[in-house]
Amino acid sequence: MNHRLAAWITLLSASLVLLALVFQQQLGAYLGLLLHWAIILSTMTLLIALAGLMLAHLRKISGQDHGILYSLVLLVSFLAALAGGLFMGLENQQYLKWIAAIIRPLESSLLALLALVLAGTVVTLFRRRGWSPMSVSFVLFTLIFLVIGLGFLQGLQNSTVNRLIAFFQRLPGIGIRGLLIGLSLGSPFYGSAVYLWDGEAKQ
Amino acid sequence: MPFPSHEKHPNQHLLSWPKSGESMPTLNNNDALAGALFLLALLSFIVCWFYQRRKKRPSQRSPQAALAAEAFLHAAAEEGSHLSFYLGSRFAWPYPDLSGASGLALYSLASKRAIFNDHATQAAAGDPALALIGQMVTQGHYKNAVALELFRPERTFWSGSSPWASIAGSLSLTDSPANAALILSGGFGPEILLATEQMTRSSLPSLVFPATLSGQTAAFLGSAYLALGEDAFQTTPPVNAAAKAGLQAQDIMRILIGLGLIAAAVLKLAGVLQ
């Protein structure tokens with residue numbers, strides 16, 4: 001199928017959903033229908049990707065490739081979780097507790113690892129990026145928010161300090177809004193460039 | 001979502017699927033302002049596009065990260081190595097975010113050039129739909145390919161069902177001895193630091209195009225090559241009229257929004273705006 005046709009179908013569907021969102025009174029019922037289709041489609045992709053993943057690991061095991069142990073662990077964990085979900089039910093508190101008891105420590109350890117990596121990268125930031133205004137302001141504001149976050153300055157009960165803290169606490173909000181506007185506008189520009197692709201960049 | 005997650009999407013309340021019988025959020029003044037900005041952006045893009053098609057001038061500016069990606073592609077082709085991609089974990093599941101698909105264009109370009117590298121381009125995605133679309137992208141090149149082994153769709157895989165699991169699953173990409181660089185493009189959070197750190201330890205470059213705020217902060221810390229702000233969507237150098245017009249329109253919108261914010265601040269100080 002022509003890739004442009006798929007892109008135009010996507011554009012048309014997205015525009016229809018947007019229109020239905022604007023004219024909710026008139027088109028609300030159709031919007032619900034479309035959203036339910038999207039949910040079913042999204043769930044189907046999950047199932048297909050899951051089947052693909054399992055097949056890939058089964059192939060790895062049968063071909064005795066490198067990392068066969070990881071594939072075995074994955075398959076056994078998947079089958080155990082599937083069996084638990086099928087027999088005990090997804091809402092079963094014992095089942096959820098059992099799953100959370102495995103996932104939470106794993107994710108928490110990755111989070112702890114990330115904290116260490118973050119500390120390490122901040123230390124090496126100047127070596128990597130040099131003394132640019134961006135890197136200096138990054139480290140400076142990290143330190144300022146670290147001090148504010150500790151709460152000692154708030155304990156001084158000084159009105160000038162409190163006003164300064166309030167000023168600094170407003171700054172991230174302003175920056176976030178600016179970046180979000182940029183990202184939100186960058187996305188349609190990128191999409192428009194795809195739809196008006198004139199073939200010059202294909203080589 | 002079956003399990004509680006540590007990380008919530010910033011627009012979760014707007015983007016989560018409505019439950020049965022639940023109505024959609026109603027539009028407010030902010031939505032109207034966003035709609036007006038979108039229309040203004042679209043208008044400026046169309047004007048710039050017509051201008052670029054007529055003049056055919058070289059682009060005024062080219063995002064550094066896009067140029068770096070192009071350089072990595074050429075270097076990999078010369079060395080006979082390959083590039084690895086992480087396409088992000090935020091696209092359709094559990095919270096829909098279309099900006100999460102921004103890495104597909106560069107991935108398509110790189111996988112098409114696999115014939116020059118003599119190695120298949122490989123990618124991991126933390127979202128099942130994104131992984132399947134990535135496979136379809138490779139399948140598109142595979143259809144009429146000569147060296148079929150370089151265009152295997154299974155080289156694109158779903159690496160995990162949560163952001164943490166997917167980044168942990170994608171770390172296997174960095175192990176390959178023929179790997180020249182890791183390109184992370186799409187929707188992801190600070191978890192990518194684990195991958196960029198591993199690349200730094202292997203003395204290999206990583207290039208990051210983050211479509212989220214937390215991803216941009218992490219990329220600033222973890223990678224020497226990154227695209228900040230809206231440049232995150234410009235993953236390839238602007239060689240055609242549409243891409244050049246996009247960049248030009250972005251610059252126009254930057255100036256307009258800057259002026260608008262200054263005007264709003266002045267009006268607020270003057271007491272006109274409450």
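Partly exposed, in these notes, means a relative accessible area between the buried limit of under 20% and the exposed limit of over 50%. I'm working on a predicted model throughout.

**Entry 1**

I started with B:Arg254, which comes out at 38% relative accessibility and so goes down as partly exposed.

I then took the pairs one by one. B:Arg254 and B:Glu230 meet through their side chains at 2.8 Å, N to O. That pair joins distant parts of the chain, with B:Arg254 sitting in helix 10 (residues 241-270) and B:Glu230 in the loop between strand 6 (225-226) and helix 10, 24 residues apart. I looked up B:Glu230 too: at 9% relative accessibility, it's buried.

B:Arg254 also makes a salt bridge with B:Asp231, where the closest N and O atoms are 4.0 Å apart. B:Asp231 lies in the loop between strand 6 and helix 10 of chain B, 23 residues from B:Arg254 in helix 10. Buried or exposed, I asked of B:Asp231? Its relative accessibility is 14%, so I wrote down buried.

**Entry 2: a salt bridge at Arg113, chain B**

How many salt bridges does the whole structure hold? My search over all chains gives five. One I checked is between the side chains of B:Arg113 and B:Glu70, 3.6 Å from N to O. B:Arg113 is in the loop between helix 4 (104-112) and helix 5 (114-117), while B:Glu70 belongs to helix 3 (residues 64-79), so the contact ties together parts of chain B that are 43 residues apart in sequence. B:Arg113 has 17% relative accessibility, so I count this arginine as buried.

**Entry 3: helix 2, chain A**

I moved to chain A and followed helix 2, which covers residues 24-62, 39 residues in total. From first C-alpha to last I get 53 Å, close to the 57 Å expected at 1.5 Å a residue. Where is the kink in helix 2 centred? I place the centre on A:Tyr30, with a kink of about 35 degrees.

Next I listed buried positions in this helix: A:Leu31, A:Leu35, A:Ser42, A:Thr45, A:Leu46, A:Ala49, A:Leu53, A:Met54, A:His57 and A:Ile61. A reminder to myself on reading such a list: an α-helix has 3.6 residues a turn, so residues three or four places apart point the same way.

Conventions
Residues numbered from 1 in each chain as written. Chains lettered and ligands numbered in written order. Predicted model: local features only at pLDDT ≥ 70, side-chain atom pairs only at ≥ 80, totals over all residues. Heavy atoms only, no water. Helix = DSSP H or I, 4+ residues; strand = E, 2+ residues; numbered from the N terminus. Expected span 1.5 Å × (residues − 1). Bend = angle between axes of the 7 residues up to and from the residue. Buried < 20%, exposed > 50% of the residue type's maximum accessible area, 1.4 Å probe, protein only.
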